[in-house]
Amino acid sequence: MSEQLILRCENSLVGIFSAVSDAFEHKEKLGKPYTDSISIVIGDDGEVSSGEQMVAADAGKVEQIVRAIQSKLGFSVYDSILRALCHYDRDRATVTFGYLVRAFAKGSSIPHETDSRMLKIVEMSRRVEIELNKLYGFLNFRQDKDILLAEIEPKCNLIPLMMDHFADRFYNEDFLIFDTKRKSMLMHEAFQPCVVFAGVNLPSVAEGDDYYQNLWKQCSLSPEMKTRNGQQSSSSQLPSWYRIYMP
């Protein structure tokens with residue numbers, strides 16, 4: 001029996017896709033046949049235990065694995081995988097990697113009727129979509145100075161999936177959607193693309209200041225944030241290709 005390799009990544013789409021990419025690199029080194037000897041653990045809150053390898057988030061690796069999924073398996077499979085990885089199931093990354101190993105070897109997608117991993121991906125994707133659609137119908141914004149503000153606490157990681165929906169509907173508005181559970185934030189400036197921030201709290205702004213400009217400035221100055229011109233200052237942020245390939 002092959003020795004088990006455990007990869008640990010941060011709890012973000014960039015972190016998870018990076019770990020999937022690294023898992024393929026390790027798989028090639030292990031040789032064939034592959035026996036499900038690689039697992040991916042999500043979450044970097046604690047110390048890396050013995051036998052685990054920490055994976056650094058890497059936008060370049062993410063772009064590479066995303067393009068491979070889209071070109072070999074199709075956009076519909078990629079969309080299902082993307083939504084599934086926004087679920088909260090602790091094994092979602094390992095399940096996804098196991099499916100991709102088999103689908104890439106086959107050269108096409110595998111129907112969920114014949115693959116238990118794809119069945120789980122489809123089910124996780126379905127549950128994420130159900131919660132997302134409910135949120136679309138019930139999300140309420142409040143007016144706070146010159147910005148529309150909404151706070152959410154979904155079971156699944158919905159912020160990355162909802163930006164185009166609201167950007168299309170409120171294209172001429174400044175708005176902000178904050179996930180209080182994950183400390184992630186979607187920010188939209190009128191007539192501009194959405195920007196997603198991770199690991200943040202709602203900034204406080206002094207009375208009388210320009211609320212939106214100060215909010216953006218505080219986020220932009222943080223070492224964990226993207227700069228306003230779209231350049232990345234942290235590997236935890238969504239890379240530039242992400243918005244283009246949203247479902």
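Is E123 buried, partly exposed or exposed? E123 is partly exposed, with a relative accessible area of 29%, where buried stands for under 20% relative accessible area, exposed for over 50%, and partly exposed for values in between (1.4 Å probe, protein chains only). The structure is a predicted model, in which local features need pLDDT of at least 70 and side-chain atom pairs count only at pLDDT 80 or more, while totals for chains, interfaces and linings use all residues. Residues are numbered from 1 along each chain as its sequence is written, and side-chain values use heavy atoms, with hydrogens and water left out.

The protein has seven helices and eight strands; these are DSSP runs numbered from the N terminus, with helices (H or I) of at least four residues and strands (E) of at least two. Of its 247 residues, 50% are buried. Contact here means heavy atoms within 4.5 Å. Among contacts between residues at least 6 apart in sequence, 65% join residues at least 24 apart.

Helix α3, residues 75–84, illustrates a covered element. Eight of its ten residues are buried, namely V77, Y78, D79, S80, I81, L82, R83 and A84. The cover over these buried residues includes α1 (13–30), α2 (59–73), α4, α5 (116–138) and α6.

Helix α4 spans residues 92–106 and contains R92. This arginine is buried yet has no salt bridge, and D89, the nearest side chain of opposite charge, is 6.3 Å away. A salt bridge requires a side-chain nitrogen of Lys or Arg within 4 Å of a carboxyl oxygen of Asp or Glu. What R92 does have is a polar contact between its side chain and the side chain of N11, at 2.9 Å. When neighbours within four places in sequence are set aside, R92 is in contact with N11, I16, I42, A84, L85, H87 and M124.

Salt bridges do occur elsewhere. Side chains of opposite charge can pair when their charged atoms come close. The count comes to 13 salt bridges. One of them joins the side chains of D22 and K61, at 2.6 Å from N to O. Because D22 lies in helix α1 and K61 in helix α2, the pair ties together parts that are 39 residues apart in sequence. D22 is buried at 11% relative accessibility, and K61 is partly exposed at 23%.

Other salt bridges lie within a single helix. E63 and R67 meet at 2.8 Å, N to O; both belong to helix α2 and stand four residues apart, about one turn of the helix. E63 is partly exposed, with a relative accessible area of 28%, and R67 is partly exposed at 39%. The E123 of the opening question forms a salt bridge with R126, again with 2.8 Å from N to O. These two residues are three apart in helix α5, a separation of about one helical turn. R126 is partly exposed, with a relative accessible area of 40%. Salt bridges that share partners also join D36, R102, D115 and R117 into one network.

The aromatic residues form a further set of pairings. A pair of aromatic rings is described by the distance of the centres and the angle of the planes. Rings of Phe, Tyr and Trp (its six-membered ring) pair if their centres lie within 6.5 Å; planes under 30 degrees apart count as stacked, over 60 as edge-to-face and the rest as tilted. A search of the whole structure finds eleven aromatic pairs. Among them, F166 and F170 are stacked, with 6.2 Å between centres and 5 degrees between planes. F166 is buried, at 4% relative accessible area, whereas F170 is partly exposed, at 28%. Y136, F141, F166, F170 and F175 form one aromatic cluster.

Notes. Lys and Arg count as positive and Asp and Glu as negative; His and the chain ends are not counted. A polar contact is a pair of N or O atoms within 3.5 Å; within protein, one must be able to donate a hydrogen and the other to accept it, and residues adjacent in sequence count only if both atoms are side-chain atoms.
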